[in-house]
Amino acid sequence: MSLTLEQHVRRAKDGDLQALEEVVRGIQDKIYGLALRMLAHREDAEDEAQEILIKVITHLSDFREESAFTSWVYKIACNHLLT
């Protein structure tokens, strides 16, 4: 049985490193795509996507599950890319 992204997030918040890897795999392409659309330069988008992933990982414990995880990630990504 395959777990959903939200289930992987819960497990990652509890310290499961494999779940954290799945979370990163589940969002990295979306973050890069958003960065590329906003920045229109591949290398810049790659760099900023890495920075955003670091922010998401280091602040994962702050995710309160009041919205969809992807909404929370997009908010972090947009705020990062706009500044």
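**Entry 1: H3 and H4**

I began with helices H3 and H4, whose axes come within 10 Å and cross at roughly 130°. I therefore noted H3 and H4 as oblique to each other. The crossing of H3 and H4 is right-handed. I listed the residues in contact: H3 brings Glu48, Glu51, Ile52, Lys55 and Val56, while H4 brings Phe69, Trp72, Val73, Ile76, Ala77, His80 and Leu81. Sorted by class, the contact of H3 with H4 has eight nonpolar, one polar and three charged residues. I remind myself that this is a predicted model.

**Entry 2: H2 and H3**

I then turned to H2 and H3, the latter covering residues 42–58. Their axes lie 8 Å apart, and the packing angle is about 140°. Angles over 145 degrees would count as roughly antiparallel, therefore I put H2 and H3 down as oblique to each other. I recorded a right-handed crossing for H2 and H3.

Which residues of H2 meet H3? I found Leu20, Val24, Ile27, Gln28, Ile31, Tyr32, Ala35, Leu36 and Leu39 on the H2 side. On the H3 side I found Arg42, Asp44, Ala45, Glu46, Glu48, Ala49, Ile52, Leu53, Val56 and Ile57. The contact of H2 with H3 divides into 14 nonpolar, one polar and four charged residues.

**Entry 3: H1 and H2**

Next I looked up H1, residues 5–13, against H2: the axes come within 8 Å and cross at roughly 140°. That angle makes H1 oblique to H2. H1 passes H2 in a left-handed crossing. From H1 I noted Leu5, His8, Val9, Arg11 and Ala12; from H2, Ala19, Leu20, Glu22, Val23, Gly26 and Ile27. The contact of H1 with H2 holds seven nonpolar, two polar and two charged residues.

**Entry 4: the cavity**

How many cavities of 30 Å³ or more does the model have? I counted one cavity. About 30 Å³ of space lies in the largest cavity.

I wrote down the lining of the largest cavity as Ile27, Lys30, Ile31, Thr70, Val73 and Tyr74. Which helices supply at least two residues each of this lining? They are H2 (17–39) and H4 (69–82). By class, I have four nonpolar, one polar and one charged residues in the lining of the largest cavity.

I cross-checked the lining against the earlier entries.

Note on methods: Residues numbered from 1 in each chain as written. Predicted model: local features only at pLDDT ≥ 70, side-chain atom pairs only at ≥ 80, totals over all residues. Heavy atoms only, no water. 1 Å grid on protein atoms, 1.4 Å probe; cavity = no way out; pocket = protein on both sides within 12 Å on 5 of 7 lines; lining within 4 Å. Points joined across faces, edges and corners; volume = space filled by probe spheres on them. Helix = DSSP H or I, 4+ residues; strand = E, 2+ residues; numbered from the N terminus. Nonpolar A, V, L, I, M, F, W, Y, C, P; charged D, E, K, R; others polar. Axes fitted to C-alpha atoms, helices over the stretch in contact; angles between N-to-C directions. Parallel < 35°, antiparallel > 145°, perpendicular 65-115°, else oblique. Left-handed = near helix turned anticlockwise from the far one by under 90°. Contact = heavy atoms within 4.5 Å.
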